[in-house]
Amino acid sequence: MNQRIRKAAVLGAGVMGSAIAAHLANAGIPSFLLDIVPPELTEAEKKKGWTPEHPEFRNRFAILGKKNIQEARPAPLYLKEDAELITVGNFEDHLSWISQADWVVEVVLENLNVKKELFKKLLPFLKEGAVVSSNTSGISIRKMCEGFPGGFEERFLGTHFFNPPRYMRLLEIIPTASTSTSVVEKMTEVGERILGKGVVFAKDTPNFIANRIGSFAMSTVIRTMIEDGYRIEEVELLTGPVTGKPKSATFRTGDIVGLDVMVHVAKNLVESLPEKEGNYFELPPFIHAMVKNQWLGQKTKQGFYKRLKKEGKEETLVLDYEKLDYRPQERANFPSVEAAKNIEDLRERVKTLAMSPDRGGQFVWKTMKKTLLYSAEKIPEIADDIVNIDRAMKWGYNWELGPFEAWDAIGLKSSAKRMEKEGDPIPPLVEKLLSKGYTSFYEKRDGKTLYFDLGASQYREIELKPEIILLPSLKDRQKTVLSNPGASLIDLGDGVACLEFHSKMNSIGADTVQMIRDSLKEAEEKFDGLVIGNQSENFSVGANLMLMLFEIQDENWDDIDMMVKAFQDVLMAVKYFEKPVVAAPFGMTLAGGCEIALACSKMQAAAETYMGLVEVGVGLIPAGGGTKEMLLRCTEGIPPGVDADFLPFVRKAFETVAMAKVSTSVKEAQKLGYMRPTDRISINRDYLLHDAKRTVLDLVREGYRSPRPQKNIKVLGERGYALLKMGLFYMREGGYISEYDEHVARKVAHIMTGGDLPDGTEVTEQHLLDLEREAFVSLCGEVKTQERIEHMLKKGKPLRN
């Protein structure tokens, strides 16, 4: 079956439908976004003289959906311009457009009859070979396609995205017994390769996998809170990052999702499951009262939390669920949590908490125990194996550990004994595993991960696609070439090595710089090329500010100068290395991390790359070659010998650096000039290292030659500096920047215009690097810069003054 989706149709332009259309646009897939014709004209439309035949009236809902995705935050689109790929229409006038679509995804009201009626209408227009899917969060896929002729069932399946589709990794694929294998394979490939999703395969059961387990976990937490008298703040503390859950924990997540959605999901489970099981999902009366009061969360500005402005200050109140009223928040405190905070390893932390005897530990044990047992009971009902359940919860609910990974962390054998002692029935999956003498759901052998399969009663290897490279697995297989506390060099095979950072937050220190230097030497002798990448949360947040602050406080100006020079020199060595060096940035790629990427021959960047030179925010300037590189890149498109005015190009680069602009996507990184149009994008981060390795090999096959050092860089000199200073003056006068912002930005302008030289003077890269270093060291000596760094380290965000 042809795997390409040239065009799609999204039926339903609500929050989810329009966001799916947005993500299709992110992937370069044009789509039709259709919705119903509104029942009647609004007063505003009548005043404009519109009739019921006016296109903007008839397409109102789709137009609004498209408008919302261009204004929403966080942005559903990589770039606002990508909205041009979405064509709006309505079901009455434009259903025939579906004949052009390779994939039709339904995202209308969660009502079986409404969905079936729509499918009946689109049948005459379906293109041969087109796939039809539903984004339902829980209605039976089988019931939706029952009774339709002409092979409809073979081309139909569930494709359940999680909101927001751009950011949430999970895509549940739910085939029926009649769905063609080729359709499942096609949509898996589209989901993973084209849309960048993590695909799990769910059975056609109520709420599928993630919402089934997630709803059970939520019900368990709320029931335990009420039964044992915990406050909302206490529950948030115990169900947040300390136990490997998102910062939004339980109730902030509820406010984000919306209490009406929570009630709808729970209602579907209550009605669809056997009575005893279904009743467990019934939400308590206080939540139904909140929905009646329209306290639905963020969408109505109050839910479990409520923000108030008091005397110019914002205060967030929390719900007292017994009184159904709001009160000031009180700090939650448990000795077990205080002790656990010092344990970096999540598995050990969760185990410590679950086994603690205080109220915090009791809550964690009780809620965790019930969720683990329920997850094990649901195999093979909702999924064939533990891997799909663990992945669903990690990718759809942002849990750091899936239920079975968490159970291994606390000790399967000992915890099962405790559960049995407390009177809990042990599920067949666990009994079978323990009866065979095994002690964990997962095992590692020879760098490979195996899981216990209930059907086979033995361990099976988790099969990974060739496009997925796992650095920990390579390390287990003794593929580490060099290593120090900050970084390692790992053999990826086929003559390519990977330089991996692994300091805290991948911050750059002396170990990192030394490993870059050593890796180049090793690659020169033994490899054809190099990838710089890792599999942490972020590529790199830049220099280690704490170490920098110590040097500043000790007034070690010569040492700072030497450190910056060493970083500049090693990145120049990367830039002019005789073999290709490909950066594989993702997540936060900031400051020095951005400068490393800028120095490489090419970038293979993840779609969710947030790249920027942010040093100005802490009162410094990019001094690892970042300011220089942005100047060089801004004029790359001007052919040699063309007498062009460089000022507009330089001004754009200057504004990007001086305003510390950070891209909100990889496409914006290209737009801002951090990446070239020729740099490549991986929409699925799992494939990033494989794609970067392939890029290295492509460059080798093309006969890669390193660039020649630039010795004749034209600069704007004193004239350009004066013009940029004038712009800064007006910005300060207008209140857009502070006096100190202006001072720091002038340093950037001085470098980008080449210093105290006449307009048109030609300089070398080293000249610009020397200007960078001089400006950096001079700013280190200023009190306000020290204040900004201290504030950044304390608050995690720059101080503006």
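## Exercises on a predicted model

**Exercise 1. How many bridges join strand 21 to strand 23, and which residue stands opposite alanine 605?**

Three bridges join strand 21 (residues 602-606) to strand 23, and the two run parallel. The model is a predicted one. Across this pairing, alanine 605 faces isoleucine 681 in strand 23.

**Exercise 2. Describe the hairpin of strands 10 and 11: how many residues lie between them, and which turn residue has a positive phi?**

Step 1. Take the pairing. Strand 10 (residues 313-320) and strand 11 (residues 325-328) run antiparallel and are joined by four bridges.

Step 2. Pick out a facing pair. Valine 318 stands opposite arginine 327 in strand 11.

Step 3. Go to the turn. Four residues lie between the strands. Leucine 324, in the turn, has a positive phi of about 55 degrees.

**Exercise 3. Classify the crossing of helix 26 and helix 32: at what angle do the axes cross?**

Step 1. Take the geometry. The axes of helix 26 (residues 626-634) and helix 32 (residues 765-780) come within 8 Å and cross at roughly 135 degrees.

Step 2. Apply the cut-offs. Roughly perpendicular covers 65 to 115 degrees, and roughly antiparallel begins over 145. The two helices are therefore oblique to each other.

Step 3. List the contact. From helix 26 come Gly626, Thr627, Lys628, Glu629, Leu631 and Leu632; they meet Glu765, Leu768, Leu769 and Glu772 in helix 32.

Step 4. Sort these residues. Four are nonpolar, two polar and four charged.

**Exercise 4. Is threonine 224 buried or exposed?**

Step 1. Locate the residue. Threonine 224 is in helix 8 (residues 210-228).

Step 2. Compare with the cut-off. Buried means under 20% relative accessible area. Threonine 224 has 1% relative accessibility, so it counts as buried.

Step 3. Name the contacts. Beyond its neighbours within four places in sequence, threonine 224 touches Gly229, Tyr230, Phe363, Lys366 and Thr367.

Notes. Residues are numbered from 1 along each chain as its sequence is written. This is a predicted model: local features need pLDDT of at least 70, side-chain atom pairs count only at pLDDT 80 or more; totals for chains, interfaces and linings use all residues. Side-chain values use heavy atoms; hydrogens and water are left out. Axes are lines fitted to C-alpha atoms, for helices over the stretch in contact, and angles run from 0 to 180 degrees between N-to-C directions. Angles under 35 degrees count as roughly parallel, over 145 as roughly antiparallel, 65 to 115 as roughly perpendicular and the rest as oblique. Contact means heavy atoms within 4.5 Å. Ala, Val, Leu, Ile, Met, Phe, Trp, Tyr, Cys and Pro count as nonpolar, Asp, Glu, Lys and Arg as charged, and the others, Gly among them, as polar. Two strands pair if DSSP finds at least two bridges between them. Buried means under 20% relative accessible area, exposed over 50%, partly exposed in between (1.4 Å probe, protein chains only).
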